[in-house]
Amino acid sequence: GNWLVKPINSESAAQRLARAIASDILLYNEDEVLLGIANDDFFTRLKSQIEEGRKLYEGRVSENIRSTTNYFDCAVVDVIIHEKGSTLETAIW
């Protein structure tokens, strides 16, 4: 059988995948996310998780979609940083 997964060619499907991956990063790394936001080192602290998520996203979404909008980076900011950051009282917010 054909084990290859058809690439995502829909912007809405790409957005959903990006948000799902970002949600998983948050779910499995919540303490590190909170520390990263509070200490203003989020991207350094979660570099490997974000890169792993990015590879998954890029492996599933067609180049056609990826070349227009970076839904993955948008999802990381919207799903993780804005949602968790709004719950913290920190100097960066």
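This is a predicted model: local features need pLDDT of at least 70, side-chain atom pairs count only at pLDDT 80 or more; totals for chains, interfaces and linings use all residues.
Residues are numbered from 1 along each chain as its sequence is written, and side-chain values use heavy atoms, with hydrogens and water left out.

Q: How many helices and strands are there in the protein chain?
A: Helices (H or I, at least four residues) and strands (E, at least two) are DSSP runs, numbered from the N terminus. Read from that end, the elements go α-α-α-α-α-α. The count is six helices and zero strands.

Q: What share of the residues in the protein chain is buried?
A: Buried means under 20% relative accessible area, exposed over 50%, and partly exposed in between (1.4 Å probe, protein chains only). Out of 93 residues, the buried share is 34%.

Q: Why does the end-to-end distance of helix α6 agree with its number of residues?
A: The expected span of a helix is 1.5 Å times one less than its number of residues. Helix α6 takes in residues 71–85, 15 residues, so it should span 21 Å. That agrees with its end C-alpha atoms, which are apart by 19 Å.

Q: What covers the buried residues of α6?
A: The buried residues of α6 include Tyr71, Phe72, Val79 and Ile80. Contact means heavy atoms within 4.5 Å. The cover includes α1 (11–28), α2 (30–38), α3 (42–45), α4 and α5 (63–66).

Q: Which residues of α2 are buried, and where do they sit around the axis?
A: In α2, the buried ones are Val33, Gly36 and Ile37. They cover an arc of only 95° (taken from the directions from the helix axis to the C-beta atoms).

Q: Is Arg54 buried or exposed?
A: Arg54 belongs to helix α4, residues 47–60. Leaving aside neighbours within four places in sequence, Arg54 is in contact with Asn70, Phe72 and Asp73. Its relative accessible area is 18%, so Arg54 is buried.

Q: Which residues is Asp41 in contact with, leaving aside its neighbours within four places in sequence?
A: Asp41 lies in the loop between α2 and α3. With a relative accessible area of 24%, Asp41 is partly exposed. Its contacts beyond those neighbours are Leu35 and Gly36.
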